[in-house]
Amino acid sequence: MEDSGVTREEIALAFDATVAAIVSEVSEDKAGSWEARKQHTIDAIPSMSLGACAVTAADKVHNLADLERLLSLRGAEVWKLFRRGRGPTLDYYRRVLERLERHFPHALTVEMAQLLTRIENKPGP
């Protein structure tokens, strides 16, 4: 849905209603500001289904693993790719992690915590 031009109904037809519901839960409304969209994600976690929590955690693990890889290859200059920079980006991931740890205790959440800690311990700009 977000970034794809595919509707919930099309997802339900291609997969099923459960998958469509999960995708709908985790999709952002791109109309708001970055801050509003990220806050919405954080606020939504306590009421998300387990499937949506799993997708959210997996997405963040993937993003953080990619970020860690890029930081290893290119160093702190990678933070220039983020409009909000290092501080607000890492703060967002930390706040998502705190919510997930309370509402979705899972190996994905543990992996997310490990990745985030390693990234936070790398020198910043």
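This is a predicted model: local features need pLDDT of at least 70, side-chain atom pairs count only at pLDDT 80 or more; totals for chains, interfaces and linings use all residues.
Visitor: Is the crossing of α4 and α6 left-handed or right-handed, and how many nonpolar residues does their contact have?
Guide: The crossing of α4 and α6 is left-handed. On the α4 side the contact includes A54, A57, A58, V61 and L64, and among the α6 residues that they and their neighbours meet are L108, M112, L115 and I119. By class, the contact of α4 with α6 has no polar and four charged residues, while the nonpolar ones number 13.

Visitor: How are α5 and α6 oriented to each other, roughly parallel or roughly antiparallel?
Guide: The axes of α5 and α6 lie 10 Å apart, and the two helices pack at an angle of about 155 degrees, with α5 passing α6 in a left-handed crossing. Angles over 145 degrees count as roughly antiparallel, and α5 and α6 are therefore roughly antiparallel.

Visitor: Which residues in α6 meet α5, and how many residues of this contact are charged?
Guide: From α5, the residues R86, L90, Y93, R94, V96, L97, L100 and E101 meet T109, M112, A113, L116, T117, I119 and E120 in α6. The residues of this contact of α5 with α6 divide into nine nonpolar, two polar and, as the charged share, four.

Visitor: At roughly what angle do helix α3 (residues 34-44) and helix α5 (residues 86-103) cross, and is the crossing left-handed or right-handed?
Guide: The axes of α3 and α5 come within 9 Å and cross at roughly 15 degrees. That makes α3 roughly parallel to α5, and the crossing in which α3 passes α5 is right-handed.

Visitor: Which residues in α3 meet α5, and how many of the residues in the contact are nonpolar?
Guide: In α3, the residues W34, K38, Q39, T41, I42 and D43 meet P88, T89, Y92, R95, V96 and R99 in α5. By class, the contact of α3 with α5 has three polar and four charged residues, and its nonpolar residues number five.

Visitor: How much space lies in the largest pocket, and which helix supplies the largest share of its lining?
Guide: About 750 Å³ of space lies in the largest pocket, which is lined by 30 residues. The helices α2 (17-26), α3, α4 (50-74) and α5 each supply at least two residues of this lining. The largest share, six residues, comes from α3.

Visitor: Which residues lie nearest the centre of the largest pocket?
Guide: The lining of the largest pocket divides by class into eleven nonpolar, seven polar and twelve charged residues. Nearest the centre of this pocket lie E2, E28, K30, R37 and K38.

Conventions:
Residues are numbered from 1 along each chain as its sequence is written. Side-chain values use heavy atoms; hydrogens and water are left out. Axes are lines fitted to C-alpha atoms, for helices over the stretch in contact, and angles run from 0 to 180 degrees between N-to-C directions. Helices (H or I, at least four residues) and strands (E, at least two) are DSSP runs, numbered from the N terminus. Angles under 35 degrees count as roughly parallel, over 145 as roughly antiparallel, 65 to 115 as roughly perpendicular and the rest as oblique. A crossing is left-handed if the near helix is turned anticlockwise from the far one by less than a right angle, and right-handed if clockwise. Contact means heavy atoms within 4.5 Å. Ala, Val, Leu, Ile, Met, Phe, Trp, Tyr, Cys and Pro count as nonpolar, Asp, Glu, Lys and Arg as charged, and the others, Gly among them, as polar. On a 1 Å grid over the protein atoms alone, a cavity is a set of points where a 1.4 Å probe fits but cannot get out, and a pocket is an open set with protein on both sides within 12 Å along at least five of seven lines; lining residues have an atom within 4 Å of a point. Grid points are joined across faces, edges and corners, and a volume is the space filled by probe spheres set on the points.
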